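Subject: Structure handover

Dear colleague,

Here is the structure for your files. My notes on it follow below.

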Amino acid sequence: MAVTTAPLLGLGTLSRLPEQSRPLLRPGSVPAGIVHLGLGAFHRAHQAVYTEEAVAAAGGDWGIVGVSPRSGAVVADLLAQDRLFSVTSLSGAGPRTRVIGALAGVRHAAADPGGVVALLADPAIRVVTLTVTEKGHRLDPVTGELAVDRVLLTDLATAGPPVTIPGLLVRGLLARYRADAGPLAVVSCDNFASNGRRLHGMVEQARVLVPGATGGFGDWLRESVTFPGTMVDRIVPASTPATLAVAQAALGARDLAAVHGEPYRQWVIEDRFPGGRPAWEKAGAVLAADAGPWERLKLRSLNGVHSALAYLGAVAGRETIAAALEIPGMRSALERFVAEDVAGSFEPPPGVSVVGYGASVLDRFANPAIAHATRQVAMDGSQKLPQRVLHTIVDRRAAGASPRWGALVVAGWIRFVQGRTDDGRALPLDDPLAAEIRDRLAAAPSTPRGAVEALFGLDAVFPAELAADETVRALVLDWLTALDRHGVEATLAGAS
Ligand code: CS2
């Protein structure tokens, strides 16, 4: 019997898709107005969805040109599918799949950096959005200073094709200035504190290393380019073969670029767009004068808790976030982290209860339909810990408090980077500072105190005043000693 292979998703299959799965826009029907750097799963399930709904509701030439900085695979898949891809929302109510038609184009920066620079100088482009991860910004997580290594220096100071995000962005902005192509908003959609201000700082620090990027260019940047801050939120695990299978079952077509996530989503955006923007508020986005309180709420009460579940869960041998949350004592420890440490560490947005928000976050993490790998969330801890956990600890210490539960998360991270589960299986360390972390641990006495001393010396992660804080050291050492002696499950079961 002949095996019929489902057709590949594309313009030719649109009419055969179930009504509820059809895109709101036809790719290519909306002229480009946005360049997005970082064509990963999160962008496809978040900004692209908001933008499609905004344009469908209020119009505007806001097609997205999606740029993949490194991977050519996603670009090839999207080109083969006429730039169409699907997003599946997963919940207890079952999967819901919709095809998104917001992409007006796709580019592979590594293959054509000059083309991306020219794109940023195109007057039709009035907004640039980025999801390039914390490490993609090449900023020191503690100071926010540009981490200028040999690769970045070469990329900025020589005339060769740019290979880094700072290189691409500054060269693109310089080309735009020289082409007098008009104002622009450059919007960070990554999870770090003051993301708009830090991205602005990255551009300012990088441009002084680029020949010709001073003088009038600096004035133009100040007058014509904004860097609105944002808070972005949707749980979107990496796609797996199961993601593609669910999409194919829903669409009757193969989608090589399918992504999946929870139904919930949120986007808070500082409304500073000199060249205009899509009506994202029509798709449910929140426009704010200052995204800061929302960022802190989300980074500390969601991402901080996510990291805690990732480290403690992975060490306890749990593969997913939902499974880690089921460890006896875990939910109450996280509720106390939010209530006793996070809630008092910052001023929340008006009318928002941090404890209430924290409870809703735990319900989202418990979503049985989402298999979010603890190891994925555990990646890049050295880049994530500062804004997710250490800022809470520093602010609580400044208020004279003892952030006991925040210290548990730090101890969990240390246990994780030691590289073994409680039952002795190896744990991967996917982190830009992996080599330094391993070297420091190897050079230290293999005791909890040795590990704390070794890692608190990482000034790219622990600010000096925190590293020297005896109260915090003692709290972390207490937890690490318990985790080391009794393991995660017994430690959480006994935590009170
Ligand atoms: C996660 C985030 O992988 C991670 O670090 O904590 O991607 C998280 O899922 C999103 O920020 C949720 O909005």
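The largest nonpolar core has 76 residues, and those with the most contacts inside it are Phe365, Trp413 and Phe462. A nonpolar core here is a set of buried Ala, Val, Leu, Ile, Met, Phe, Trp, Tyr and Cys residues joined through side-chain atoms within 4.5 Å; buried means under 20% relative accessible area, exposed over 50%, and partly exposed in between (1.4 Å probe, protein chains only). Helix α11 (residues 292–315) gives the most to this core, with 11 residues. Apart from this core lies another, of 37 residues, including Leu168, Leu169, Phe192 and Val210. In soluble globular proteins, nonpolar side chains tend to be buried together.

This is a predicted model: local features need pLDDT of at least 70, side-chain atom pairs count only at pLDDT 80 or more, and totals for chains, interfaces and linings use all residues. Residues are numbered from 1 along each chain as its sequence is written, and side-chain values use heavy atoms, with hydrogens and water left out.

Phe462 touches Val142, Leu390, Val410, Trp413, Leu455, Phe456 and Ala467, not counting residues up to four places away in sequence. Contact means heavy atoms within 4.5 Å.

As for the whole protein, its secondary structure comes to 21 helices and 12 strands (DSSP runs numbered from the N terminus: helices are H or I, at least four residues, and strands are E, at least two). The radius of gyration is 23 Å, close to the 23 Å that the globule rule gives for 496 residues, so the protein is as compact as a globular protein of that length. That radius is taken over C-alpha atoms, and the rule is 2.2 Å times the number of residues to the power 0.38. The C-alpha atoms fill a box of roughly 70 × 60 × 45 Å, taken along the principal axes. Buried residues make up 57% of the 496. Of the contacts with a separation of 6 or more, 77% are between residues 24 or more positions apart.

His372 sits in the loop between α14 (354–365) and α15 (374–378) and counts as buried, at 8% relative accessibility. Leaving aside neighbours within four places in sequence, His372 is in contact with Ile235, Pro237, His306, Glu319, Thr320, Ile321 and Val377. Glu204 lies in helix α8 (residues 195–207) and is partly exposed, with a relative accessible area of 21%. Between Glu204 and Gly101 there are 34 Å in space, C-alpha to C-alpha, and the two are 103 residues apart in sequence.

Regards
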